[in-house]
Amino acid sequence: MMILIVGGSGCGKSAYAEKRIMELSHGGAMRYYLATMQVYGEEGRRKVQRHVELRRNKGMITIEQTRDVSEALPKMQKGSKVVLLEDLGNLVANEMFGEDGTMTPWETAADKIIMQLRQLNSDLDHLVIVTNNVFEDGIEYEEGTRGYLRALGKVNAELAGDAAQVVEVVAGISLMVKGKE
Amino acid sequence: MILWIGGRAQGKLALAMQKWPDAKLLDLGEMEANGRDELLQFLENAPRDEWLIWNQFHLFVRRALSLGMEPSEIWEKVASFADERTELVVICDEIGNGIVPMEQEERRYREETGRMLCKLAVKADSVERIFCGIPVKIK
């Protein structure tokens with residue numbers, strides 16, 4: 001089953017996603033955390049290390065996969081597994097904007113991510129995906145960011161179509177947009 | 001305590017004033033405190049025994065952060081403020097649904113306001129989302 005969790009900055013979506021992944025793995029499935037954020041600098045590294053350890057205490061193994069999410073599968077053990085992927089906002093940015101300054105067209109990046117996540121989902125017991133609502137600030141951005149918004153919007157919409165549940169988190173409150181909890 | 005959230009200009013305050021016409025209004029965004037102590041003094045002076053609408057909560061968080069207060073300290077003040085009152089409506093703009101800003105200060109403002117809202121929502125007796133002037137109860 002795929003669950004898509006959507007929300008803005010500091011809305012409590014991560015805590016909610018973690019709660020769901022713990023429930024979904026009650027049967028003893030291995031728990032993985034797919035971290036898509038690109039880590040910069042010593043301070044960022046330290047912060048991430050702390051989170052990795054916090055999750056390890058909850059029996060969750062962290063895999064850093066800033067792009068090409070389908071490559072995460074061979075890094076997991078065989079057998080039952082549930083995956084929490086956080087988050088699509090970072091994944092889309094990493095797929096679109098190369099470190100060398102190159103830019104992949106938004107639709108190419110979006111389609112690749114959608115395809116790879118569908119593939120990944122078919123090999124898992126459950127996939128919980130955290131994504132971002134970044135669409136409501138009314139600012140007219142330059143072309144690169146506009147493309148990014150379209151890409152993330154497309155990925156969100158396509159995956160919401162696949163997902164058994166779509167949940168919006170507002171002020172820590174979960175609202176079922178699709179499906180039943 | 002009642003928590004109302006929603007986008008800018010969705011008619012939150014107008015609706016609240018209609019619902020609680022005798023309520024006092026507290027708006028720390030408009031009061032332009034000169035420093036941390038003055039900001040906290042505004043909180044201290046707010047009425048306790050009558051209905052109070054705390055408008056533009058997000059601007060209070062913004063101001064408090066810009067005056068160098070730590071999120072934990074801001075929350076401590078907010079929590080005790082809410083605990084001291086039952087007839088309180090907190091109104092806050094939804095500010096977290098945009099492209100994450102490059103500037104650390106702006107990022108922090110959105111993130112911390114969001115976190116503060118999560119905690120306020122736990123405390124609140126009810127939470128409503130105002131959309132086009134229409135309240136939708138989510139708790």
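In the model, strand β6 (165-170) of chain A and helix α5 of chain B each supply at least two residues to the lining of the largest cavity. The model is predicted. Of the contributors to this lining, β6(A) gives the most, with 3 residues. The volume of the largest cavity is about 100 Å³. Its lining comprises 14 residues. Nearest the centre of the largest cavity lie Cys11(A), Val169(A), Val170(A), Ala171(A) and Glu94(B). By class, the lining divides into 6 nonpolar, 5 polar and 3 charged residues.

The count of cavities of 30 Å³ or more comes to 2. The second largest cavity holds about 30 Å³ of space. From chain A, Ser9(A) takes part in its lining. From chain B, the lining of the second largest cavity has Glu94(B), Ile95(B), Gly96(B), Arg110(B), Thr113(B), Gly114(B) and Leu117(B). These lining residues divide into 2 nonpolar, 4 polar and 2 charged. Glu94(B) is among the residues nearest the centre of the largest cavity, and Glu94(B) also lines the second largest cavity.

Gly10(A) lies in the loop between β1 (2-7) and α1 (13-24) of chain A. Gly10(A) counts as buried, because its relative accessibility is 11% and the cut-off for buried is under 20%. Beyond its neighbours up to four places away in sequence, Gly10(A) touches Glu111(B), Gly114(B), Arg115(B) and Cys118(B). One of these contacts, Gly114(B), also lines the second largest cavity. Val83(A) is 73 residues from Gly10(A) in sequence, and their C-alpha atoms are 22 Å apart in space.

Nonpolar side chains tend to be buried together in soluble globular proteins. The largest nonpolar core in the model has 40 residues. Within this core, the residues with the most contacts are Leu3(B), Trp54(B), Phe57(B) and Phe60(B). Elements of both chains each supply at least two residues of the core: β7 (173-178) of chain A, with β1 (2-6), α2 (36-45), β3 (52-54), α3 (57-66), α4 (71-83), β4 (88-93) and α5 (104-123) of chain B. The most comes from α4(B), which gives 6 residues. Phe57(B) is in contact with Val78(B), Val90(B), Ile91(B), Cys92(B), Met116(B) and Leu120(B), with residues up to four places away in sequence not counted. Another core, of 36 residues, lies apart from the largest one. Among the residues of this other core are Val83(A), Leu127(A), Val134(A) and Leu152(A).

Helix α3(B) has Phe57(B), His58(B), Phe60(B), Val61(B), Ala64(B) and Leu65(B) as its buried residues. These residues lie on the same side of α3(B), because they cover an arc of only 160° around the axis. An α-helix has 3.6 residues a turn, so residues three or four places apart point the same way. The cover over the buried residues of α3(B) includes α2, β3, α4, β4 and α5 of chain B. After α3(B) comes Gly68(B), with a positive phi near 90°.

Lys154(A) is placed in helix α5 (residues 143-162) of chain A. Lys154(A) counts as partly exposed, because its relative accessibility is 22%. Apart from neighbours within four places in sequence, the contacts of Lys154(A) are Trp106(A), Glu107(A), Ala110(A), Asp111(A) and Ile114(A). Gln49(A) is 105 residues from Lys154(A) along the chain, and their C-alpha atoms are separated by 32 Å.

Backbone geometry was also examined. Most residues other than glycine have a negative phi, and most peptide bonds are trans. The peptide bond from Glu86(A) to Asp87(A) is cis, with omega near -10°. Asp87(A) is in the loop between β4 (81-86) and α3 (88-96) of chain A. Asp68(A), a residue other than glycine, has a positive phi near 50°. The loop between β3 (60-64) and β4 of chain A holds Asp68(A). Ala9(B), a residue other than glycine, has a positive phi near 55°. Ala9(B) is in the loop between β1 and α1 (12-19) of chain B. With a relative accessible area of 76%, Ala9(B) is exposed.

How values were computed. Residues are numbered from 1 along each chain as its sequence is written. Chains are lettered from A and ligands numbered from 1 in the order in which they are written. This is a predicted model: local features need pLDDT of at least 70, side-chain atom pairs count only at pLDDT 80 or more; totals for chains, interfaces and linings use all residues. Side-chain values use heavy atoms; hydrogens and water are left out. A nonpolar core is a set of buried Ala, Val, Leu, Ile, Met, Phe, Trp, Tyr and Cys residues joined through side-chain atoms within 4.5 Å. Buried means under 20% relative accessible area, exposed over 50%, partly exposed in between (1.4 Å probe, protein chains only). Helices (H or I, at least four residues) and strands (E, at least two) are DSSP runs, numbered from the N terminus. Contact means heavy atoms within 4.5 Å. On a 1 Å grid over the protein atoms alone, a cavity is a set of points where a 1.4 Å probe fits but cannot get out, and a pocket is an open set with protein on both sides within 12 Å along at least five of seven lines; lining residues have an atom within 4 Å of a point. Grid points are joined across faces, edges and corners, and a volume is the space filled by probe spheres set on the points. Ala, Val, Leu, Ile, Met, Phe, Trp, Tyr, Cys and Pro count as nonpolar, Asp, Glu, Lys and Arg as charged, and the others, Gly among them, as polar. The arc is that of the directions from the helix axis to the C-beta atoms.
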